[in-house]
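Please read them alongside the coordinates.

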Amino acid sequence: MMMLAWLLAILAILILLIAALGVVRLPDALSRQHAATKAATLAVTMFACALIVAASVSEWGWGWTLRLLVMVVILLCTLPLASHALGRAGLAERDPSAH
């Protein structure tokens with residue numbers, strides 16, 4: 001089980017590295033913001049799942065699992081909304097008639 005936790009954590013790190021490369025390489029702010037927020041949502045969720053697996057194996061207790069699940073739910077609710085708001089603000093700044 002601990003190997004699964006490490007595998008999920010390493011995969012999350014790789015996703016974040018790919019997102020960082022996208023932020024550096026993509027041409028405009030909306031594309032960079034899209035790459036960063038979508039990959040960050042996936043990677044943070046995956047890393048939290050790795051911690052949940054590690055918590056179930058170790059002596060951390062169920063309190064940590066519950067906290068991590070609440071964190072994942074909050075992130076899945078707020079990160080896409082924040083990304084959408086930033087995208088709309090960037091579009092309105094670039095094209096005032098789009099509002």
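**Notes on the model**

1. Leu14 counts as partly exposed because its relative accessibility is 45%; the class lies between buried, under 20% relative accessible area, and exposed, over 50% (1.4 Å probe, protein chains only). Leu14 is found in helix 1, where a helix is a DSSP run of H or I with at least four residues, numbered from the N terminus.

2. This is a predicted model, in which local features need pLDDT of at least 70 and side-chain atom pairs count only at pLDDT 80 or more, while totals for chains, interfaces and linings use all residues. Residues are numbered from 1 along each chain as its sequence is written, and side-chain values use heavy atoms, without hydrogens or water.

3. Leu14 belongs to a nonpolar surface patch that also includes Met1, Trp6, Ile10 and Val57, with about 1,300 Å² of accessible area together. Patch residues have over 30% relative accessible area and no salt bridge, with nonpolar side chains joined within 5 Å. Helix 1 (residues 2-25) gives the most to this patch, with 10 residues.

4. The structure holds zero disulfides, a disulfide being a pair of cysteine sulfur atoms within 2.5 Å. Cys49 is in none; its nearest cysteine sulfur, that of Cys77, is 15 Å away, too far for a bond. Cys49 is partly exposed at 33% relative accessible area, and Cys77 is partly exposed at 45%.

5. Ser83, in helix 3 (residues 62-94), is buried, with a relative accessible area of 7%. Leaving aside neighbours within four places in sequence, Ser83 is in contact (heavy atoms within 4.5 Å) with Gln33, Thr37 and Lys38.

How values were computed
Patch = residues over 30% accessible without salt bridge, like charges linked within 9 Å, V, L, I, M, F, W, Y side chains within 5 Å. Areas by Shrake-Rupley, 256 points an atom, 1.4 Å probe, with all protein chains shown as cover. Salt bridge = Lys/Arg side-chain N within 4 Å of Asp/Glu carboxyl O. Helix = DSSP H or I, 4+ residues; strand = E, 2+ residues; numbered from the N terminus.
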